[in-house]
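These are my notes from going through the structure. I list what I looked up and what came back.

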Amino acid sequence: MPLTPADAEHALAEIRRMPYGTARTAAAETLTREIEATGPASTLPEALLDLVEAYTFSSEGLRAFVTFARLLRLHDEHPESFTEGDTRNLYWEYKWVAADLPVFPEITVAQAQAFLDDMHRRFALAGLGTRSVSMSAFRWAWQAGLPHADRALEEWLATPRDEYEDCAACTVGHQVDFFTSTGRPEEALHRGLGQHGTCNLEPTRTLHALALATSTPATRPAH
Amino acid sequence: MTERFQVDMAGLVDVLSRHLYSGPQVFVRELLQNAVDAIAARRALDPAAEATVRIRIVASDEGPVLEVVDTGIGLTADDAAELLSTIGRSSKREPQLGTGREQFIGQFGIGMLAAFMVADRIEVASRSHHGGEPVQWIGRADGTFDLTGLAGDLPVGTKVRLHPRADADHWFDPHTVAGLAADYGSLLPVDVAVAVPVAGAGTLWRRISAAAPPWALAYANESDREAALSSWCRETLGFTPIGHIDLDLPLVGLDGVAFILPQALPPGSGSHRVYVKRMLLGARVDGVLPDWAFFVRAVVDTTALTPTASREQLHADEILLATRDALGTRLKRWAIDTLSEQHPIARAFLRTHHLALRALATTDDDLLDLVSRVLPYETTDGHRTLAEIAARDGELVYTSTTEAYQRVASVARAQGLTVVNAGYVYDTAIVDRLRRRAGWITRELTSNEIYHSLEAAESERTGEHLAALGRAQDLLAERDVDVLIRRYEPETVPALLLRDPEGERRRDLDAERAATPHLWAGLLDAIDEPRTARSRSLVLNERSPVVRLLLQTAEPEVFTAGLHALYLSAVMLAGDGLGTRDITTLNHSLSVLLASAAAAEPA
């Protein structure tokens, strides 16, 4: 018999309690397939969103693109099956998927740009803030080694803050990382000293990048 | 002993940027607002005065400096001295941007305070329209300032120079400033220009303000206007609209347009782009339109709505509520006027936003009538509107789920019975609402109705297959399925599974009663559903060759297998999945059928 909505919710919650990794991914895949085949259709967006999360946090980002594409198609064809929470989660996870663009060499520059353009179009259409979009565009330009990375950084920082972007601490951390990895220790220091926030990544990332930055001869304190 | 509070400027600015404003970018708006307020104040006295604002980034020994020059009313030495005290009492900043000098001074201070989010030193050089020598005010982020007279011949107006804070220099990029100024000030009624570097041409002034909002400009004809609004929407809102709806409420000084989204979004409260006196209040302002208007994004300019302290949202006051209702009425009026006609926009709208229209129909009788007249439904007689079917048949027969519709569609079509698939979101609510309207008869299709419409089987008269039928009924009784034989088209459908909602409710009741027989002193026993039939009926089609073969089968094991296979394919045809037990049954049936076929083959 098909799952009832309550059963499906319960099964999804069980999987969310598992640690990220192959077991959670396998469980999420199985449950999503079952819901896709026999319903309940109202739970499908949530199942797909959870599957994207399972892939993203177990280094299987390439698979997340397929699942995310399915989610977007579902969203276009059946917007009514998305609850308010599903919709919020869809736009929240968008930047995770975008973050994997530079990770996979099989994704071309043109394909990544098309992904980012579509992301921008969808945020604009939904009337949402686009800071997570300009952050994703910057991160792509930087990690793909594109010449417009600095301009993309300016554009990101000039976009108004909104509820879909990373936290304030991460905003500083990304910049410090960027300047360190592109061999600009002074700018890294300049931004990094403004790091006052904490989250599950920060300030460790900033401190790590700053340690690297200050260990280069050009900026090492002279004493 | 009485002492004065010490205000920590750095702390105050931090509170502003973190908790009041959405971010430091509003400093551009505040500087623009100061400039246009000053110009308005001067023009009240001298309508012919120049009205320009020029913004540029200039290099200095200490790095980039942002310069904003206006031709406004200017500041006297007394006005400038008041700047500091103003910071303390500027909360009285009036939403109605008056053109009097006092309001202007009152508002000037808070604009400067916002500028400290990105600047650690601000220089104001100004000469007043009222005469007197030019003055210079230099304020610093530590809360100190100098006020001096300024030698030289300064034109009437004000020049503000911002020196960046160490962590805010990224705001001092000409492209960033031009982008922000255009975002906030593109509809301002004064000439605003920003200097931007152009490859191969040095630095050029780029005018960022238009003479009038795109909806208020004069166009040669309606299609030019449509095209201009569409392209403005694409550039400003990032999508190409299906069309637009003019919004105009002179009572609250509001005008603008609602752009119809090119794609459906999940229902939810939308946010809209709002200007107050032609300055952008926010691109995502809540509460301007009713929640059901999730198929449009509105752009409006208003003079009477009150901004919140951050000037980025609107106060949810009575004026806003009345405005929202009035705009809602306007949108409904548009829907009724436009969608009733064979207009290209009407077709695109119905295709894209039928969900929104259905949602609206459940709340409003005029829109209910509209939906019944214009929205095509899937029926066994092709795509038809509800009104069309009701007019022809006198009543509306529907199924409340898509599964139920699929189950009966092929047979109902063959029988010439028109059934509407009302299985989409809001449809049942729409049909319920129609039932309460005068002149509408609506009825949910029952399984009884289907098999009463089916022709009696030949065998029923002759009693030929009575034994086989009896066996089939016994076999499926444990699944609460009755078996009947009828003749119907198409003959490619060997068996049809009909559901009886009453029978299903009775089955639930029986199950509960059996599980907890003594609950509530047997209260459940008192609820006696009619028990005329089983909850589902398998109707075998006598026209189908497969069924005729089955009924002639003498071998009991093969008969059982064949019946189960027909039953389970009818379950799947009805759109239901198979459970584990069903799959076991199906496997077993197939192996029996194959074994029997193998045995029949000549050796």
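**Helix packing in chain A**

I began with one helix contact: A:C170, A:G173, A:H174, A:V176, A:D177 and A:T180 of α9(A) touch A:R205, A:T206, A:A209, A:L210, A:L212 and A:A213 of α11(A). Sorted by type, the residues of this contact of α9(A) with α11(A) come to 6 nonpolar, 4 polar and 2 charged. The model is predicted, and I read everything below with that in mind.

I then looked up the geometry of the pair. Helix α9 of chain A covers residues 168-181 and helix α11 of chain A covers residues 204-214; they pack at about 25°, with axes 9 Å apart. Angles under 35 degrees count as roughly parallel, so α9(A) is roughly parallel to α11(A). The crossing of α9(A) and α11(A) is left-handed.

**The cis bond**

A:P203 sits in the loop that links α10 (185-192) to α11 of chain A. What is the peptide bond from A:E202 to A:P203, cis or trans? The bond is cis, and its omega is near 10°. As background, most peptide bonds are trans.

**Chain A overall**

I counted elements next. Chain A contains 11 helices and 0 strands. Read from the N terminus, its elements run α-α-α-α-α-α-α-α-α-α-α. The C-alpha trace of chain A spans about 75 × 35 × 30 Å along its principal axes. Chain A has 223 residues, and 50% of them count as buried. I also looked up the sequence range of its contacts: taking residues at least 6 apart in sequence, 59% of the contacts in chain A join residues at least 24 apart.

**Chain B overall**

Of its 603 residues, buried ones make up 49%. Among contacts in chain B between residues at least 6 apart in sequence, 67% are between residues at least 24 apart.

**Between the chains**

I turned to the interface. As a general point, the size of an interface is often given as the accessible area lost when the parts come together. Chain A and chain B bury about 2400 Å² between them, and 52% of that is on carbon and sulfur atoms. Which three residues supply more than any other three of the area that chain A buries against chain B? They are A:E80, A:L125 and A:R161, which supply 27% of that area. The contact draws 27 residues from chain A and 33 residues from chain B.

**Helix packing in chain B**

I looked up a helix pair in chain B as well. The axes of helix α19 (residues 556-573) and helix α20 (residues 580-600), both of chain B, come within 8 Å and cross at roughly 135°. That angle makes α19(B) oblique to α20(B). α19(B) passes α20(B) in a left-handed crossing.

The contact list for this pair has B:E557, B:V558, B:A561, B:G562, B:H564, B:A565 and B:L568 from α19(B), meeting B:D582, B:T585, B:L586, B:S589, B:V592, B:L593 and B:S596 from α20(B). I sorted the residues of the contact of α19(B) with α20(B) by type: 7 are nonpolar, 5 polar and 2 charged.

**Positive phi in chain B**

I searched for backbone angles that stand out. As background, most residues other than glycine have a negative phi. B:R278 is not a glycine and has a positive phi, near 70°. This residue is in the loop between β11 (271-276) and β12 (279-286) of chain B. Is B:R278 buried or exposed? Its relative accessible area is 17%, and buried means under 20%, so B:R278 is buried.

B:Y426 also came up: its phi is positive, about 75°, although it is not a glycine. B:Y426 belongs to the loop between β17 (420-421) and α12 (427-435) of chain B. Its relative accessible area is 28%, so B:Y426 is partly exposed.

**A loop proline in chain B**

With a relative accessible area of 62%, B:P155 is exposed. I took one C-alpha distance from here: B:P155 and B:E455 are 300 residues apart along the chain, and their C-alpha atoms are separated by 98 Å.

Key:
Residues numbered from 1 in each chain as written. Chains lettered and ligands numbered in written order. Predicted model: local features only at pLDDT ≥ 70, side-chain atom pairs only at ≥ 80, totals over all residues. Heavy atoms only, no water. Axes fitted to C-alpha atoms, helices over the stretch in contact; angles between N-to-C directions. Helix = DSSP H or I, 4+ residues; strand = E, 2+ residues; numbered from the N terminus. Parallel < 35°, antiparallel > 145°, perpendicular 65-115°, else oblique. Left-handed = near helix turned anticlockwise from the far one by under 90°. Contact = heavy atoms within 4.5 Å. Nonpolar A, V, L, I, M, F, W, Y, C, P; charged D, E, K, R; others polar. Buried < 20%, exposed > 50% of the residue type's maximum accessible area, 1.4 Å probe, protein only. Buried area = accessible area lost by both parts, 1.4 Å probe.
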